[in-house]
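Subject: Model handover

Hello,

Please find the model below, followed by what was found in it.

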Amino acid sequence: MPSTVVLGASWGDEGKAKIVDTLAEKMDVIVRFQGGCNAGHTVVHEDKKFVVHIIPVGILHPQKICIIGNGVVINPYQLIAEIEDLQKQKISFENRLFISSQAHITLPIHTYLDEMNEKKRSKNAIGTTKSGIGPTYAEKSSRSGIRISDLLDSKYLSARIDNIINSKKELLSDWIDKNDVKKMKMDLINIGKKIEKSIVDTPILINRFLDENKDILFEGAQGTLLDIDFGSYPFVTSSNASIGGAITGSGINPKKINKIIGVMKAYFTRVGNGPFPTELKGKIGNFIREKGQEFGATTGRPRKCGWFDLAATKYSSMINGFDEIALTKLDIYSGLKEIKICTHYEIDGEKIDYFPNRIQQLEKAVPKFISLPSWNEEISDIRKYSNLPKNAKIFIETLEKIINLPITIISVGPEKNQTIFRNKN
Ligand code: GDP
Ligand code: IMO
Ligand code: MG
């Protein structure tokens, strides 16, 4: 299977990193293609927890090549901090990490603007991770952005930074008073020197690897419902977290994508603001949050938890063309009395079985549920589908039937081996 894309099907944090980590063993190359350090990807290796934000999860597997694609926005300071932190944990970067010369960088200015914008939005705040994601992608779209390769040309870099500052003088007046732009430029040049050997033309590299029949795994960040076009706009991130982002964010020839895996949690979560029709505000929501440890890997914020939303999932599957599903966190349901699945919404008395694209409609969506019995047994040690409790199998098969896709990977714990593979082909 030369190229496989792993995407989040909902509002992020579906457990993509665990699935990528599980699949990475059979891969040669792992590519991140969008988002930035708003992503928090957690992997547990023999009780040791690693959280990466910009670097592909494949870095935890010695020998695997990792690529940060052109669609990723990179905070250079955080990139270096992440590399150094992983090096301290004995992870080698020697000839393994390649960074797209076309990837745009997040300047401290963008992080500042993200915070200011959120303040100004007041009660309408998006609840961003304050990583500067929106302002960086805005800069890129307005053609005034700075690319990683610009760190290698001090004169050009300096002029580009001056251009950004001059165009936003009023907005940045406080920031300018408190910061030393000359030092920032020097720091960036130094970072450029540190990563110079890793900066390459990644679309050429990726397509060459494909020609050489290397197995490539594309690691999505965020999720389809946070996609700038298809998500719950404006309560979204600023990149395409759906399949299109994998193509434009890496330069892969789209005809060469062989498999698209949608990652879904057995329940839904959301961090940040915006409508969440199946949210559980009481005891059950707290049970899921505590047992599932649903706290943001990037910001530490508690994640809102809710029932599995089939209307949203069918939409996500339609947009992405999933071939199969990886279902995570099934273990969290052990001990609940019943499990609910939202099959459709009612909006102004009308039955709607898709994800509405207008936020005003999504805000009014009343979820309609079917109820299934849960199970008591803990399932984290189960490795064979046939050994799962009967009601867990009913839950899985009900989802498969309605989404009309096979659930081929079932995750029952954070560790790589806590996974059940089902061959449905
Ligand atoms: P991502 O952003 O989609 O990669 O997901 P995160 O890493 O932000 O959040 C998923 C969290 O759930 C992490 O702490 C994982 O270690 C953990 N996790 C993943 N799969 C499972 C699972 O099947 N069961 C349990 N209990 N935890 C899991
Ligand atoms: P991973 O890759 C969950 C959310 C933020 C906010 C919105 C916009 O770990 O699944 P941004 O900082 O991107 O401008 O914030 O998107 N968000 C995520 N939620 N998982 C993520 O990444 C997220 N990245 C951004 O909480 O609601
Ligand atoms: Mg996450």
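Predicted model: local features only at pLDDT ≥ 70, side-chain atom pairs only at ≥ 80, totals over all residues.

Residues are numbered from 1 along each chain as its sequence is written, chains are lettered from A and ligands numbered from 1 in the order in which they are written, and side-chain values use heavy atoms, without hydrogens and water.

Ligand 1 has 19 residues around it, and Gly15, Lys16, Lys329, Asp331 and Ser411 come nearest (a residue is near if one of its heavy atoms lies within 4 Å). In this shell, five residues are nonpolar, seven polar and seven charged (Ala, Val, Leu, Ile, Met, Phe, Trp, Tyr, Cys and Pro count as nonpolar, Asp, Glu, Lys and Arg as charged, and the others, Gly among them, as polar). At least two shell residues come from each of α1 (16-24) and β3 (41-45) (DSSP runs: helices H or I of at least four residues, strands E of at least two, numbered from the N terminus).

Oxygen atoms of ligand 1 lie 3.0 Å from a backbone N or O atom of glutamate 14 and 2.9 Å from a polar backbone atom of lysine 329. A side-chain N or O atom of aspartate 331 is 2.8 Å from a ligand 1 nitrogen. The protein buries 92% of the 580 Å² that ligand 1 exposes when taken alone (Shrake-Rupley method, 1.4 Å probe).

Aspartate 47 sits in the loop between β3 and β4 (48-52). Its C-alpha is 9.1 Å from that of proline 414, 367 residues away in sequence. Aspartate 47 counts as exposed because its relative accessibility is 71% (exposed means over 50%, with a 1.4 Å probe and protein chains only).

Regards

Note on methods
Polar contact = N/O pair within 3.5 Å; in protein donor to acceptor, adjacent residues only side chain to side chain. Buried < 20%, exposed > 50% of the residue type's maximum accessible area, 1.4 Å probe, protein only.
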